[in-house]
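Please read it with the structure open.

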Amino acid sequence: MAILSKTLAGQVALVTGANRGIGRQISIDLAAGGAKVILSARSIDSLIPVEQESEGLGGRCERVALNVTDQSVVEAAVQAIVARHGKIDLLVNNAGIGAGSENPWDLPVEEWWAVHEVNVKGPYICTQAVMRHMTRQRAGRIIDVGSMVAAYPNPTASPYAASKAALFRWNSCLAEGAKAFGVSAFVISPGLVATDMTDRPQFADIPADQWVPIEKTGELVVALASGKADVLAGRFIHALDDLDSLVKQADKIVAENLQTLSIQMLHDLF
């Protein structure tokens, strides 16, 4: 475990999809960093191993059953968290699913749209519920777990790519509107991480040096939760980025509109 100091002591963090993969790693690292972590997933029992591992490292956790696409469930859960702890400092929208087909037009409509329900509607529902409290607190941070695939065409994973592109743009809208209320929002990419989502034939031949250690994402989320990179709110940050270097070059990043989703035109229209 790379994170030893309790830099997040006193913070209350809600992580969606905390029962496995990247969400599990983020939750464990936040707990090790001193935050009180609200672990959430559809199955509350699936969170028990994460809770046990976090508490074994000296962390503090609670488990909550949460379907991110069910607005009433999410709102009730967030209300209960604030009632118990008086605030919520951090939301990590990690819950996500993928789907695909050989041709981008072959997937049944229901399966294509289901990815957007979880990957876009879910973060919106969770963010809306949390922002009602963060705006009153005049403080808070929201981190959306995105993907580099949002910036590139991926015909065999079109719903995932399209949903992450939508999440990317949503996050930038959120960040722009939320800063007046003291809330910072970020979209991050874990890179290519070995999880159940990548345990598929199309990933079998990828060289070992192209995989990103899952711990990198946990470390990035802890660093963002600490507030050290609030100057980069609304920007896209990769798990392999040198965050300290980005912070030092924040003026350049903003001035040149870097680390963001944009269209490159042959002729400047504006």
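The points below cover the sheet, its helices and the nonpolar cores.

1. Basis. This is a predicted model, where local features need pLDDT of at least 70, side-chain atom pairs count only at pLDDT 80 or more, and totals for chains, interfaces and linings use all residues. Residues are numbered from 1 along each chain as its sequence is written, and side-chain values use heavy atoms, leaving out hydrogens and water.

2. Sheet. An open sheet of 7 strands runs β3-β2-β1-β4-β5-β6-β7, with parallel pairing. Strands (E, at least two residues) and helices (H or I, at least four) are DSSP runs, numbered from the N terminus; two strands pair if DSSP finds at least two bridges between them.

3. Strand pairs. β2 (residues 36-41) and β3 (residues 60-65) share 6 bridges. Ile38 sits opposite Glu62 there. β5 (residues 140-145) and β6 (residues 183-189) are also joined by 6 bridges, with Ile142 opposite Ala185.

4. Crossover. β2, helix α2 (residues 48-56) and β3 form a right-handed β-α-β unit: with the strands pointing away from the viewer, the path from the first strand over the helix to the second runs clockwise.

5. Cores. A nonpolar core is a set of buried (under 20% relative accessible area, 1.4 Å probe, protein chains only) Ala, Val, Leu, Ile, Met, Phe, Trp, Tyr and Cys residues joined through side-chain atoms within 4.5 Å. The largest has 39 residues. Helix α6 (residues 215-225) gives the largest share, 6 residues. A second, separate core has 27 residues, including Val12 and Ile38.

Key:
Buried means under 20% relative accessible area, exposed over 50%, partly exposed in between (1.4 Å probe, protein chains only).
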